[in-house]
Amino acid sequence: MRTPQFLIFRGSTPTLELALPLVPAETDVIYLTLSQMDAPVLELARNGAAAPAGTGSLDLSQEEPGLLLASLTQQDTLRLKAGACRLQLRIRTGEGADTFFPVTGYVGEAQKEGEI
């Protein structure tokens with residue numbers, strides 16, 4: 001596995017900040033997919049329908065144009081297994097669609113499972 005570019009823990013509620021190479025319009029469709037072992041585990045969507053849908057949110061920062069905020073819930077992070085994880089963004093704008101190169105991350109174990 002490559003050096004992880006992000007780290008989250010099972011049962012946590014992280015907000016991932018992703019700097020985009022463009023400033024999406026309010027109507028642009030954005031998908032964030034987290035996968036493990038080459039299979040999608042959860043997806044967040046902005047202006048679209050996610051599948052398999054997470055319970056978190058995907059929003060643009062009000063303060064910084066081009067900054068995407070992916071907020072995961074405990075339910076989301078508990079769906080992930082401890083180990084390697086890949087994150088990939090797909091965006092559809094008025095000019096077309098693009099898929100970004102996946103980012104490698106790691107999901108850490110929780111010492112005690114379940115929601116708190």
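Which residue in strand 7 does Leu 34 stand opposite? Leu 34 stands opposite Leu 87. This is a predicted model: local features need pLDDT of at least 70, side-chain atom pairs count only at pLDDT 80 or more, and totals for chains, interfaces and linings use all residues. Residues are numbered from 1 along each chain as its sequence is written, and side-chain values use heavy atoms, without hydrogens and water.

**Strand 7 and its partners**
- Strands are DSSP runs of E with at least two residues, numbered from the N terminus.
- Two strands pair if DSSP finds at least two bridges between them.
- Strand 3 and strand 7 run antiparallel, joined by seven bridges.
- Strand 7 also runs antiparallel to strand 9 (residues 103–108), through five bridges. There, Leu 87 stands opposite Val 103.
- Four bridges link strand 7 to strand 8 (residues 96–99), again antiparallel. Ile 91 has Asp 98 as its bridge partner in strand 8.
- Two residues lie between strand 7 and strand 8 in their hairpin.

**The largest nonpolar core**
- A nonpolar core is a set of buried Ala, Val, Leu, Ile, Met, Phe, Trp, Tyr and Cys residues joined through side-chain atoms within 4.5 Å. Buried means under 20% relative accessible area (1.4 Å probe, protein chains only).
- The largest such core has 23 residues; Leu 32, Leu 34, Leu 68, Leu 80, Leu 87 and Leu 89 touch the most other members.
- Strands 2 (15–19), 3 (29–36), 4 (39–46), 5 (57–60), 6 (67–71) and 7 (83–93) each supply at least two residues of this core.
- Strand 7 gives the largest share, four residues.

**Contacts of Leu 87**
- Contact means heavy atoms within 4.5 Å.
- Leu 87 touches Phe 6, Leu 16, Leu 18, Leu 32, Thr 33, Leu 34, Pro 102 and Val 103, not counting residues up to four places away in sequence.

Key. Buried < 20%, exposed > 50% of the residue type's maximum accessible area, 1.4 Å probe, protein only.
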